[in-house]
Amino acid sequence: MKLFYSLLLVPALSFALEAGKPAPDFTLPGASGDVKLSDFKGKVVYLDFWASWCGPCHKSFPWMNEMQSKYGSKGLQIIGVNVDQKREDADKFLSQVPAKFAIAFDAKGATPKAYDVKGMPSALLIDAAGNVQYIHAGFKEEETASVEAHIKQALEKAGK
Amino acid sequence: MPLKLVTALCILAFLEGCASFPGAQPWERGNLAKPIMSLDTDSLDSRFVTHIYDSKESSSGGMGVGGGGCGCN
């Protein structure tokens, strides 16, 4: 009977990425050289998963450019991980909507799987210690103010 | 006797077929997001047809989520 009840706990023990847990490290090819998450320890990282086929990403890129230029000097680093299966699709998107932040390419999808991505686009805010602070799925103009508030909060906590 | 049992277990395992594989993950929906993959050819036309169904049944809903199969919403 005890064994039966303890088996019921098994789903609860499965790993689900949530706020407070450490962000899994990764090394991915970037636009110029490799992008490794642990290189950015000490900075607040805004990790965004995007794709050329994702409609809201056309709007999220200008906003992320704005955030990078506004808070980059305060210690914010935005990393956009592309999950397109074909690199040409990603390059075409970037020629239409240029990015002023780091871009990494993950065609195999290992990183979104490790980060338990539930929708596209998804963004995670990782604090200076390397732990996930805030997870946000989707992108809407109305929600940008609240996401920006989370970024500011994380930067203040990092003491910058 | 064990051979029969093993065969039976193998058949049971295959019974589920391809349904045992996970579906398209949220980051794998590139092909589903293509316009040709949408369920209706003209969104305005299907809005019109839905309105006719709703008024004939005097009920509404159950017609699915707008925005496409990319799961962006």
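Predicted model: local features only at pLDDT ≥ 70, side-chain atom pairs only at ≥ 80, totals over all residues.
Me: Are α3(A) and α6(A) roughly parallel or roughly antiparallel to each other?
Reply: Helix α3 of chain A covers residues 57-71, and helix α6 of chain A covers residues 144-157. Their axes lie 12 Å apart, at an angle of about 30°. Angles under 35 degrees count as roughly parallel. The two helices are therefore roughly parallel.

Me: Is the crossing of α3(A) and α6(A) left-handed or right-handed?
Reply: The angle between the axes is about 30°. As α3(A) passes α6(A), the crossing is right-handed.

Me: How many residues does chain B bring to the contact with chain A?
Reply: Chain A supplies 16 residues. On the side of chain B, five residues are nonpolar, three polar and two charged. The count for chain B is 10 residues.

Me: What is the count of buried residues in α1(B)?
Reply: Helix α1 of chain B takes in residues 2-15. From first C-alpha to last, this helix reaches 20 Å, close to the 20 Å expected. α1(B) is hardly covered, and among its 14 residues the buried count is zero.

Me: Which residue just after α1(B) takes a positive phi?
Reply: The helix spans residues 2-15 of chain B. Just after α1(B) comes a phi of about 65°, taken by B:Gly17.

Definitions and conventions
Residues numbered from 1 in each chain as written. Chains lettered and ligands numbered in written order. Contact = placed C-beta atoms within 7 Å. Nonpolar A, V, L, I, M, F, W, Y, C, P; charged D, E, K, R; others polar. Axes fitted to C-alpha atoms, helices over the stretch in contact; angles between N-to-C directions. Helix = DSSP H or I, 4+ residues; strand = E, 2+ residues; numbered from the N terminus. Parallel < 35°, antiparallel > 145°, perpendicular 65-115°, else oblique. Left-handed = near helix turned anticlockwise from the far one by under 90°. Expected span 1.5 Å × (residues − 1). Buried ≥ 20, exposed ≤ 12 C-beta atoms within 10 Å, placed from the backbone.
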